[in-house]
Amino acid sequence: MNDKVKVKKVVLAYSGGLDTSAIIPWLKENYDNCEIIAFCADVGQGEAELAGIEAKALASGASACYVVDLKHAFVQDYIYPTVASGAIYEGTYLLGTSMARPVIAKAQVELARQVGADALCHGCTGKGNDQVRFEGCFAALAPDLTVIAPWREWDMVSREDLLAYLAERDIPTTASATKIYSRDANAWHISHEGGELEDPWNEPSEQVWTMTVAPEAAPDTPAYVSLTLAQGKVCAVNGEAMSPYQVLMTLNELAAAHGVGRVDITENRLVGMKSRGCYETPGGTVIFTALRAIEELVLDRQCREWREQVGAKMAQLVYDGRWFTPLCDSLLAASASLAEGINGEVVIKLYKGQAIAVKKRSPNSLYSEAFATFGADDVYDQQHAEGFIRLYSLSSRIRSLGIK
């Protein structure tokens, strides 16, 4: 038994995959036959991944398995507020995995309280960001509970080791020694790592992508979709009012068919190393495009600059797993304030991997054709610009003239 800590009941973040299937018997063996409660968060990863998951958990030695539907909460309470802030990590990554961790961790803690558990467990490796995200949330929400991270304790180092471990104990698994890619899916995106992607000189093959059509194979005729925004949130698609989750599911389907939302990036992990990932975020790409389009009409220069600063800081915070912090509350409040006037309609053109805002209008638009026209107008006196320029450049003039 592990001498460092004694626990009686553990709630394990359970996916039904190879790692967490091995964790259940390992916990029982190394933590004095403690009771294991499997917790599975449904964040929109799809029915195929959830099929039979309760039976798998029980067959591995769990005493119970709870599948908690977090899809709507994930989109409404985590994705939409993050998107409103403009958060994009390192200019490309739309934070699909990162945003899911706080909603999962919160529900895991709530279940632990419900069943009277004294420990929490996750299957994250010691190399990744997710261990920090989960444990950062646990620290904020349940600092009294013990946290167990088997990958930082056991001596198994490969899929072969895990398979052999389960085979020795006659615990069934559908996993095999050959796993080309590591994938993480939810309502917002799907990520892909491993396989040929570990060499950045390799172009991703089509077997990497599972959610979107290849842009080259997308329809030759573009599709147009109209989005209605209210306070920085998409609330209707093609005039039909929808919940945040329904909006995302609808846009995922429409945009994926046109190859929208693929990115291939090498990002800086929180733990210090670089990693390469391919991400598919079709609906999210469309939502970001629509939001930026209305912002262009509504936000003045200073507000636009401030929103970009808020977005950059929010992206770092979400990526680093610091959702349940005062700083996150402050950033969310700032972005919500800026988003109050982000109302309007945008028409997005979907074509060959691109999502382009081709029409946009807002009742709060600061754009005025009367002022911006290149034709004759009677609202702007161009002679006024001379005085503005002289004052704007006054310091340069003084410096050049040498006036003290």
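Trainee: By class, how many nonpolar, polar and charged residues are there in the lining of the largest cavity?

Mentor: The lining of the largest cavity has five nonpolar, two polar and three charged residues, where Ala, Val, Leu, Ile, Met, Phe, Trp, Tyr, Cys and Pro count as nonpolar, Asp, Glu, Lys and Arg as charged, and the others, Gly among them, as polar. Please keep in mind that this is a predicted model, in which local features need pLDDT of at least 70 and side-chain atom pairs count only at pLDDT 80 or more, whereas totals for chains, interfaces and linings use all residues. Residues are numbered from 1 along each chain as its sequence is written, and side-chain values use heavy atoms, with hydrogens and water left out.

Trainee: And which residues line the largest cavity?

Mentor: The lining is made by S98, R101, P102, R133, C137, L317, V318, G321, R322 and W323. The elements that give two or more residues to it are helix 5, helix 6 (130-141) and helix 10 (301-319), and helix 5 has the largest share, with three residues. Helices (H or I, at least four residues) and strands (E, at least two) are DSSP runs, numbered from the N terminus.

Trainee: What volume does the largest cavity have?

Mentor: Its volume is about 40 Å³, and the structure holds three cavities of 30 Å³ or more. On a 1 Å grid over the protein atoms alone, a cavity is a set of points where a 1.4 Å probe fits but cannot get out, a pocket is an open set with protein on both sides within 12 Å along at least five of seven lines, and lining residues have an atom within 4 Å of a point. Points are joined across faces, edges and corners, and a volume is the space filled by probe spheres set on them.

Trainee: Switching to pockets, which residues are closest to the centre of the second largest pocket?

Mentor: The second largest pocket has a volume of about 220 Å³, and of its 16 lining residues the closest to the centre are I88, T92, L94, V263 and T285. Strand 11 (262-268) and helix 9 (282-298) are the elements that give two or more residues to this lining, with helix 9 providing the largest share, five residues. By class, the lining of this pocket divides into six nonpolar, eight polar and two charged residues.

Trainee: What about packing: which residues have the most contacts inside the largest nonpolar core?

Mentor: Those are F74, W188 and L227, in a core of 78 residues; a nonpolar core is a set of buried Ala, Val, Leu, Ile, Met, Phe, Trp, Tyr and Cys residues joined through side-chain atoms within 4.5 Å. Helix 5 (residues 96-115) gives the most to this core, with 10 residues. Apart from it lies another core, of 31 residues, among them V7, V10, Y31 and I36.

Trainee: Then which residues is F74 in contact with?

Mentor: Leaving aside neighbours within four places in sequence, F74 is in contact (heavy atoms within 4.5 Å) with V43, I79, G96, M99, A100, V103, N186, A187 and W188.

Trainee: Is E280 buried or exposed?

Mentor: E280 counts as buried because its relative accessibility is 0%, where buried means under 20% relative accessible area, exposed over 50% and partly exposed in between, with a 1.4 Å probe and protein chains only. E280 lies in strand 12 (residues 274-280) and, beyond four places in sequence, its contacts include W188, H189, W209, T210 and R262.

Trainee: Where does L95 sit?

Mentor: L95 is in the loop between helix 4 (71-85) and helix 5, and it counts as buried because its relative accessibility is 0%. Its phi is near 65 degrees, a positive value in a residue other than glycine. Most residues other than glycine have a negative phi. N238, in the loop between strand 9 (233-237) and strand 10 (240-241), also has a positive phi, near 50 degrees.

Trainee: Last one, on the whole chain: how many helices and strands are there?

Mentor: There are 14 helices and 14 strands, and the C-alpha atoms fill a box of roughly 85 × 60 × 45 Å, taken along the principal axes. Buried residues make up 47% of the 404 residues. Among contacts between residues at least 6 apart in sequence, 74% join residues at least 24 apart.
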